[in-house]
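User: I am new to reading structures. Please take a close look at the surroundings of one ligand, and then show me how the rest of the picture connects to that place.

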Amino acid sequence: VHNKCHDEYQKTADWLMSQTKHRPQVAIICGSGLGMLADALKCQDSFAYSDIPGFPQSTVQGHAGRLVFGELKGKSCVCMQGRFHMYEGHSLCKTTFPVRVFKLLGVETLIVTNAAGSLADGLQPGDIMIIKDHVNFPGLVGLNPLCGPNDDKFGPRFPAMSGCYDKGLRRLAMEIGKQLGVAGVMQEGVYAMVGGPNFETIAEARLLHRLGVDAVGMSTAPEVVVATHCGLRVFGLSLITNKCCTHIDSDSVNHEGVLEVGRLRSHTLQQLVTELISRMEINNNNTSNN
Ligand SMILES: O=P(O)(O)O[C@H]1O[C@H](CO)[C@@H](O)[C@H]1O
Ligand SMILES: Nc1nc2[nH]cnc2c(=O)[nH]1
């Protein structure tokens with residue numbers, strides 16, 4: 001466990017607030033190949049992760065490594081073009097570092113996106129799965145970013161995780177999907193995080209299928225756990241980039257294919273996320289700073 005102290009998050013948040021006038025209400029974490037979600041932001045201020053004090057570095061192709069602030073339909077946003085994964089060798093505390101920084105910046109709502117493999121018969125590559133719940137496999141065996149001394153300033157020792165994906169935002173997203181004419185490729189499902197970096201064996205994919213998992217990836221759950229712990233409202237979506245290999249004659253998965261599906265669906269995802277942000281209500285009752 002490599003816990004960070006409150007001051008380290010605060011230092012990064014203070015530095016960012018000294019560099020930009022934006023005071024974001026919504027944060028977006030872009031999944032593999034989904035960095036274009038930041039392109040919709042107006043009046044951008046952007047920072048390379050390597051220039052931000054305390055920030056880890058992105059090492060995965062398809063994750064640019066840039067934090068972008070900007071306005072979207074009257075709401076102030078911050079967008080991570082590139083996330084951190086456990087398999088890159090980061091501690092879970094590092095992979096989730098930005099989430100607590102967002103909290104200190106005054107963010108109320110976190111939107112997490114990812115690329116994921118499908119285990120459900122009804123989920124095809126190109127489909128969008130609204131995450132209704134997750135199975136945090138590393139977390140179940142103690143690889144949890146909240147391990148170690150609890151920081152009561154962020155949240156309780158034993159936070160509830162039932163209902164961590166906001167029901168109202170899920171409903172709103174499905175409604176927007178209908179209006180955009182993409183409801184046919186959208187459905188809710190359960191996301192499971194595995195450690196990676198290898199894709200699943202056939203036996204592992206079959207096991208996940210039998211456990212009721214709809215889509216699998218190597219991220220997201222730790223970010224959502226940390227966000228829920230500190231009281232952020234969370235919305236999550238998976239872009240289904242491939243079917244998991246459940247038979248010896250299934251097509252095998254590769255990262256280039258994952259990124260390609262992201263490119264093909266970029267426009268739809270951008271529309272969906274933009275509309276969601278535009279129509280979500282913000283309470284403005286976050287008193288963590290400014
Ligand atoms: O979860 P994101 O970052 O979207 O990326 C997913 O895609 C990569 C594999 O192609 C893995 O990193 C997996 O987690
Ligand atoms: N673990 C895992 N992660 C993914 N990310 C994108 N596709 C996949 C997949 O099939 N399995």
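Analyst: Start with ligand 2. This is a predicted model, and in it 15 residues surround ligand 2. The closest are Ala115, Gly117, Val216, Gly217 and Val258. Next, look at the elements behind the shell. β5, β8 (215-217) and β9 (233-243) each give two or more residues to the shell around ligand 2. The largest share comes from β5, with three residues. Now sort the shell by class. Nine residues around ligand 2 are nonpolar, five are polar and one is charged.

Move to ligand 1. Here 13 residues form the surroundings. Gly31, Ser32, Asn114, Met218 and Ser219 are the closest to ligand 1. Two elements give two or more residues to this shell: β5 and α8 (255-264). The classes for ligand 1 are four nonpolar, eight polar and one charged. Keep β5 in mind. It gives residues to the shell around ligand 1, and it also gives residues to the shell around ligand 2.

Gly62 lies 31 residues from Gly31 in sequence, and their C-alpha atoms are 8.3 Å apart in space. Where is Gly62 placed? It sits in the loop between β2 (42-48) and β3 (66-72). Is Gly62 buried or exposed? It has 20 C-beta neighbours inside 10 Å, so Gly62 counts as buried. The cut-off for buried is 20 or more. Set aside the neighbours within four places in sequence, and Gly62 is in contact with Ser32, Gly33 and Leu259.

Now follow β5 to a helix. β5 (109-118) is one of the elements that cover the buried residues of α3. The cover also includes α1, β1 (26-29), β4 (75-81), α2 (92-95) and α7 (221-229). How many residues of α3 are buried? Nine of its nine are, and α3 is mostly covered. Among the buried residues are Phe97, Pro98, Arg100, Phe102 and Lys103. Just after α3 comes Gly106, with a positive phi of about 105°.

The axes of α1 (residues 6-19) and α3 (residues 97-105) come within 9 Å. They cross at roughly 60°. The two helices are therefore oblique to each other. Their crossing is right-handed. On the α1 side, the contact is made by Tyr9, Gln10, Thr12, Ala13, Leu16 and Met17. On the α3 side, it is made by Arg100, Val101, Leu104 and Leu105. Seven of these contact residues are nonpolar, two are polar and one is charged.

Finish with another helix pair. α5 (residues 167-180) packs with α9 (residues 266-279) at an angle of about 125°. Their axes are 10 Å apart. That angle makes α5 oblique to α9. The crossing of α5 with α9 is right-handed. Which residues meet in this pair? α5 brings Leu169, Leu172, Ala173, Ile176, Gly177 and Leu180. α9 brings Gln271, Leu272, Glu275, Leu276 and Arg279. By class, this contact has seven nonpolar, two polar and two charged residues.

Methods
Residues are numbered from 1 along each chain as its sequence is written. Chains are lettered from A and ligands numbered from 1 in the order in which they are written. This is a predicted model: local features need pLDDT of at least 70, side-chain atom pairs count only at pLDDT 80 or more; totals for chains, interfaces and linings use all residues. Axes are lines fitted to C-alpha atoms, for helices over the stretch in contact, and angles run from 0 to 180 degrees between N-to-C directions. Helices (H or I, at least four residues) and strands (E, at least two) are DSSP runs, numbered from the N terminus. Angles under 35 degrees count as roughly parallel, over 145 as roughly antiparallel, 65 to 115 as roughly perpendicular and the rest as oblique. A crossing is left-handed if the near helix is turned anticlockwise from the far one by less than a right angle, and right-handed if clockwise. Two residues are in contact if their C-beta atoms, placed from the backbone, lie within 7 Å. Ala, Val, Leu, Ile, Met, Phe, Trp, Tyr, Cys and Pro count as nonpolar, Asp, Glu, Lys and Arg as charged, and the others, Gly among them, as polar. A residue is buried if 20 or more other C-beta atoms lie within 10 Å of its own, exposed if 12 or fewer, and partly exposed in between; C-beta atoms are placed from the backbone. A residue is near a molecule or strand if its C-beta atom, placed from the backbone, lies within 6 Å of it.
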